[in-house]
Amino acid sequence: MKLADLTDYLIRKYGIEIEFISNQSRSLAALIAPGASESFGLLFKEKGDEAEEAMELKLGSLARFFASRPAFSQSQFMQDPGWVRVDLTSPDLDEAFLYKTIDSAFQAGRPVNRAPRSEKVHEQENIVLLPETGEKSQLEEKEYQAEKIPARADFIQASDHNRLQEKNEIPARIKQMQEAYDYQAPAAKRREINFYHQGQLMADYEDDEAYHGTVVKTRPVYHDLTPKQLRGYFTWRTQFRKGEAGGGQEAYYYLLESELVCQIGVKNKEEGLEQLNRLFEQMAKKSNLITSWQQKHLLQNYMVYYAFPQAEIEKLFTSEIKRGENYQALLQKDTPGLEMYQGLCSLSPYQPKANPLLKKEPEKFYRALELVWQALREGPYDLLETMVGQKLTVPLTLFNEVTFYSPNPVQEAEIALPGGISYLCQGGQWQVSQYWPSQQQRRLLPAFVHEFDRLLRDALHFGRKLKEKKVPPAYLEALKKGINAFLAEQKEASRPKIDLDLSKLGQIRADASVTRDNLLTEEEKALEAEEAKKIAEKENPVQKTEEEDKEMASPQAENDYGLSPLEVSFLLDLVKGEDYQTLLKQNHLFLSVLVDGINDKLFDEIGDTVIDSNGDSAEIIEDYRPDLLEILGIEEA
């Protein structure tokens, strides 16, 4: 049994006020019957890792008997032996027996209204000593006559189901409602079932008899009120429906709230929602009637249960959706760094807004955060769930704040909202799925974000140093791994990139030749031409025929590999072991560029590099010499 459920039961059953007083170790509330000066019970809630919920009851001489029952024991807080302790968390607790025990303690704790004993009555109760035998007393000497004993005064025994009749006449509709109470309804839902059916009987009832007393119960049903109190409620409700009601007791607000949730007195769900909002506006003007969270929670349940359009429901769940999206940003894969940072700022008290990298180059900061989060996700444990939280599905009781009943309850429903929020009803049982924080979030998450800020500053030598905060070793390892990956990535990105487009080599060579010619003086050009002429005469002592000139001019036609005449000439020089430097100079060629072009063109045929070059010289790789001779059409000697 939960302490909250028991507290609610005591308020409903006995109409007592329960107020907890808390210190560092426990919360305590005294249970006092109306009009009594002493408590008949105590409620406890111990704080700490092993939270205990218990109560102690004053049972007098029967305490020893009750202390032997399962979940009952001797009192620990009260030193009086007439008190017993009940462990509310014990699985052996018999709730029905506990309710009877509480009722006994309550009845014993109620004040007894006795008339003060007058002196005359006191004298009549004195003991009269009769004289010894033979003597007559004054009483014996008096003469007595028979007298009729007066009739005993009428009385009505008070209970939860009998009401003192008012002197004024009770309206017929209210009488009809009271008589309609079904005592045979299932006990578990008796209050709710009777409230609904009685409410339907009185849905259109109006009255004009205000009640100026105070309704003790703050969460009543019709059956808890006297006829005068009922007339006062229906009078106030009539004024509210006309837009004239200003004040009102807490009990009246609760009754009307329950009616609207049960769709009593409204044409449709939209009208019920409109009246609920108007009711909450009035309640907000009175202190301690309802909190903004309670108001919003009930409206959310109302819209979910009665299946309002998705867009309207989402408007009421704006903060919950945003909260869920923040959890999704931290727990789902492939989340951009900016969204991840925004999620951290919403959940962590510590925020690295002063980080120098975030101020100067935020994109790099977000990238570092992505890599650290990736390292967390790749860890051997559920580090993220332990530090942030996880998505959980829990049972849900709708309209727990009011009295609710429906003769045709929703059996099947499913509503999915952004932010990972979903409601599911199967067989009339509701459950909700959403993200919940982990137990260590408030302690671990801000420390982790602080260490990320500190270690990133140290690694980049940015900003002032921060004081170290302790985090578990697994989290520290993930931080270092992610930051090291970020540093390596930045180092690689800082290296200069050379993109060489081989298709533009011809243009590059031509541009280089033009540039070289522009840099030579006329004297240098003349000397170069003369030297080239001498070399040509030395290499070609015999005048070639016109047919040979044509063949040399078009070596491209003799191969199927895309080799240019210059490339063929260069290969011939290499194969024969002759000087190829003159060819390079005459045509203003770079050795490395020429070799790369030939290797590239012959790669598809041979499957490897055929010419090896160090930039200053080149030579044919001997393993591929036969293949190269075959390509050039030269027979090996």
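## Buried residues in a predicted model

At 1% relative accessibility, Cys425 counts as buried. Buried means under 20% relative accessible area, exposed over 50%, and partly exposed in between, using a 1.4 Å probe and protein chains only.

This is a predicted model, in which local features need pLDDT of at least 70, side-chain atom pairs count only at pLDDT 80 or more, and totals for chains, interfaces and linings use all residues. Residues are numbered from 1 along each chain as its sequence is written, and side-chain values use heavy atoms, with hydrogens and water left out.

| Residue | Relative accessibility |
|---|---|
| Cys345 | 17% |
| Cys425 | 1% |
| Gln300 | 6% |
| Ile611 | 2% |

A disulfide is a pair of cysteine sulfur atoms within 2.5 Å. By this rule the count is 0 disulfides.

Gln300 sits in helix α11, residues 292–305. Helices are DSSP runs (H or I, at least four residues), as are strands (E, at least two), numbered from the N terminus. Setting aside residues up to four places away in sequence, Gln300 touches Leu316, Phe317 and Glu320. Contact means heavy atoms within 4.5 Å.

Ile611 belongs to strand β11, residues 611–613. Beyond its neighbours within four places in sequence, its contacts include Phe570, Leu574 and Ala618.
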